[in-house]
Amino acid sequence: MPTALYLLEPAADGMAWAPFEGVRPIADLRAGVPRLRERWAAALDLPVRAILSATLSEFRDIDEPAVQAMAPVAGPAIVALSAFAVSGTPIELQAGTQRLTADGQTVAWLVPAGE
């Protein structure tokens, strides 16, 4: 079973996340009351180990997980798209699950141990 959760920040895509893009992690934005990262952590019952970003690796905030430059993730872990607003309802991972999808698009994937 995964022991860590990493949130993957979206690549810069213009105005979609303006004026926040490039200023603070999308994972730290609120979707309703909870932050996007809090929704992922609750749904998977895992702590957010880090937020992976190509542009915000210098970002620091008091109550924010570390923002790290894009790099391979050591498993067992889950890498999830921080811009996807998961409901926060617990997600039970079945044996053999390799990815989570929504409307046919991958929103999270599992990194097995040893990778």
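**Reading a pocket, a sheet and a ring pair**

Modeller: Let's start with the largest pocket, which has 14 lining residues, with M1, P2, T97, L110 and P112 nearest its centre. The model is predicted, so local features need pLDDT of at least 70 and side-chain atom pairs 80 or more, while totals for chains, interfaces and linings use all residues. Residues are numbered from 1 along each chain as written, and side-chain values use heavy atoms, without hydrogens or water.

Biologist: What is the volume of the largest pocket?

Modeller: A pocket is an open set of points on a 1 Å grid where a 1.4 Å probe fits, with protein on both sides within 12 Å along at least five of seven lines; lining residues have an atom within 4 Å of a point. Here the volume is about 210 Å³, and the lining has 10 nonpolar, 4 polar and no charged residues.

Biologist: What is the strand order in the sheet?

Modeller: Strands are DSSP E runs of at least two residues, and helices H or I runs of at least four; two strands pair with at least two bridges. This open sheet of 6 strands runs β3-β2-β1-β4-β6-β5, with mixed pairing. The edges are β3 (67-69) and β5 (99-102), each pairing on one side only. Strands β1 (residues 5-8) and β4 (residues 77-81) are parallel and joined by 4 bridges; L5 of β1 has I78 as its bridge partner in β4.

Biologist: How many aromatic pairs are there?

Modeller: The structure holds 1. Rings pair with centres within 6.5 Å; planes under 30 degrees apart are stacked, over 60 edge-to-face, the rest tilted. The centres of W40 and F84 are 6.2 Å apart and their planes at 45°, so this pair is tilted. W40 sits in helix α1 and F84 in the loop between β4 and β5, so the pair ties together parts 44 residues apart in sequence.

Definitions and conventions
Points joined across faces, edges and corners; volume = space filled by probe spheres on them. Nonpolar A, V, L, I, M, F, W, Y, C, P; charged D, E, K, R; others polar. Phe/Tyr/Trp six-rings, centres within 6.5 Å; stacked < 30°, edge-to-face > 60°.
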